[in-house]
Amino acid sequence: MLGRQLIDGQWRSEGTLIPTVNPSDLDEIVGQYPQASLADAQEALAVARAQLPSWSRTNIQKRADILRKTGDLLLARANDVGTLLAREEGKTLAEGIGETVRAAQVFHYFAGEVLRHPGQWHDSLRDGHNVIVSYEPVGVVAAITPWNFPIAIPAWKTAAALAYGNTVILKPSEFAPGCAVQLAEMLVEAGLPAGVFNLLLGNGRVIGQTLVEEADAVTFTGATPTGRHILQMAAPAMTKVQLELGGKNPFIVLDDADLDVAVEAAAQGTWGQTGQRCTGSERIIVTKGIHDAFVERLIKAVDAFRVGHALDSSTQIGPVANLAQLEKNLGFIERARASGAEVAVGGHLVEARTRGHFLAPTLFLDTDNRMELNREEIFGPVAGIIKVEDFDEAIAVAGDCELALSSGIATTSLRNAERYRRESTAGMVTVNAPTAGVEYHVPFGGRAPSGFGGREQGSASAEFFTEIKTTYINHGVL
Ligand code: NDP
């Protein structure tokens, strides 16, 4: 595809074009994309600011209709968008279509939020007065997104921002920008006025500082170091910042777990979507009584995963999304081996019918929480088992990591589940379910350094995408 930027309703594809390559087939160029310059960024910021007054005052039925229509278009084109996603990012076709359907649901949800968004009315402490609390758009929002959910994350940032009356500049990852271009086309088709949503493509380091300094708010999803850098860039101008960052998510299996449930949740939560989920399980913490039986079953499950071309119907695990990520994964595997961890399954590249970044799902045994494997986010199909004495030690090991996004437990004891829910320091807890798998109607995010600045999704997203105004009215004199 020929990628295009969208600024003030004008499609632009001039300048040097940078290709994206299919990670399932390195001989296939998927798209050619222009690169935003500083001047493009400044122009997008100016038009987004110019459109802010009219969009923020646009009739709420009209705003809701545009979001709903965008959701309808995403649903109608889920096969096309999902196929592009699979070709550019490497998710299986089923995962790509599923992610597109989710993006549609997000737009439908926020169409409803436009109409549901409440204010508050209070009695005043003073006679003859009352107090109104209203929620106003935060302003021009820059949304900077990663490659691993190339339609869902742009959708949930854009839909929420527009619903609450903000104007938007979206900058997707340069590794997989195609779905964002298709989303921009659908927003235009749905009737969004020119300049309310603008799309910039290319390298985040070129335009990042300008966006962060000149937008009113930045919603960012990506790696923790990039998020820290954005926070620092935002400080002088006090740009409002929301960061959704990395995870090193623990999944605990207790002696009283249902083995089938535990194995399924660990396998899906760790290796599903090639392990490229910020909520994926990267540390599997198992108490000693169930350890051997669980490990034996898990090895079989992991070994049975079929790795291959993302568009092949038999494929369960697609390729790693890009060469940089593949090299990062292989580095972790090599260093884990060198530090004494035992490869139980995987640890090597896989041959398929095409030349691609295929990595076997990898499980290490005999690991502990001091190893790099269990401390740094890998973001690939690689995890280690940590054997512990009991639940107390499991909780201590799970919490012994500064990243705090998601955490899970497999147990048949309500008492243990509830204790874990209370004691986990993560932003999300799952019980007898994979650590990954987020729903759009409830808050999503983690505590620092996995997240910062308010949750996304559900009505909680209003906290970031709006500003509060408190109005005191002396009606006694009226
Ligand atoms: P990066 O942080 O490398 O990139 C994310 C986005 O930031 C890209 O659009 C990138 O542009 C842009 N960017 C990079 N540098 C700057 C800069 N200086 N200023 C402004 N923008 C910049 O993350 P990845 O794309 O590699 O995504 C993987 C990471 O995302 C993982 O750590 C993962 O955990 C995290 N993630 C977190 C989620 C969450 O909700 N918590 C969900 C999904 C992923 P460019 O493409 O040009 O580099």
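## Strands, a helix and a pocket

His122 stands opposite Val131 in E6. This is a predicted model, in which local features need pLDDT of at least 70, side-chain atom pairs count only at pLDDT 80 or more, and totals for chains, interfaces and linings use all residues. Residues are numbered from 1 along each chain as its sequence is written, and side-chain values use heavy atoms, with hydrogens and water left out.

| Pair | Sense | Bridges |
|---|---|---|
| E5 (residues 120-123) and E6 (residues 129-137) | antiparallel | four |
| E6 and E20 (residues 466-474) | antiparallel | nine |

The hairpin of E5 and E6 has five residues between the strands, and Gly128 takes a positive phi near 75° there. On the E20 side, His129 sits opposite Asn474.

Now for helix H7 (residues 204-214). Its buried residues are Ile207, Gly208, Thr210, Leu211 and Val212, with buried meaning under 20% relative accessible area (1.4 Å probe, protein chains only). Helices H1 (38-56) and H8 (224-234) are among the elements covering them, as are strands E7 (140-144), E8 (167-171) and E10 (217-221). Where H7 starts, a side-chain oxygen of Asn203 comes to within 2.8 Å of the backbone nitrogen of Arg205.

Finally, the lining of the second largest pocket: E3 gives the largest share, five residues.

Definitions and conventions. Buried means under 20% relative accessible area, exposed over 50%, partly exposed in between (1.4 Å probe, protein chains only). Helices (H or I, at least four residues) and strands (E, at least two) are DSSP runs, numbered from the N terminus. Contact means heavy atoms within 4.5 Å. A polar contact is a pair of N or O atoms within 3.5 Å; within protein, one must be able to donate a hydrogen and the other to accept it, and residues adjacent in sequence count only if both atoms are side-chain atoms. Two strands pair if DSSP finds at least two bridges between them.
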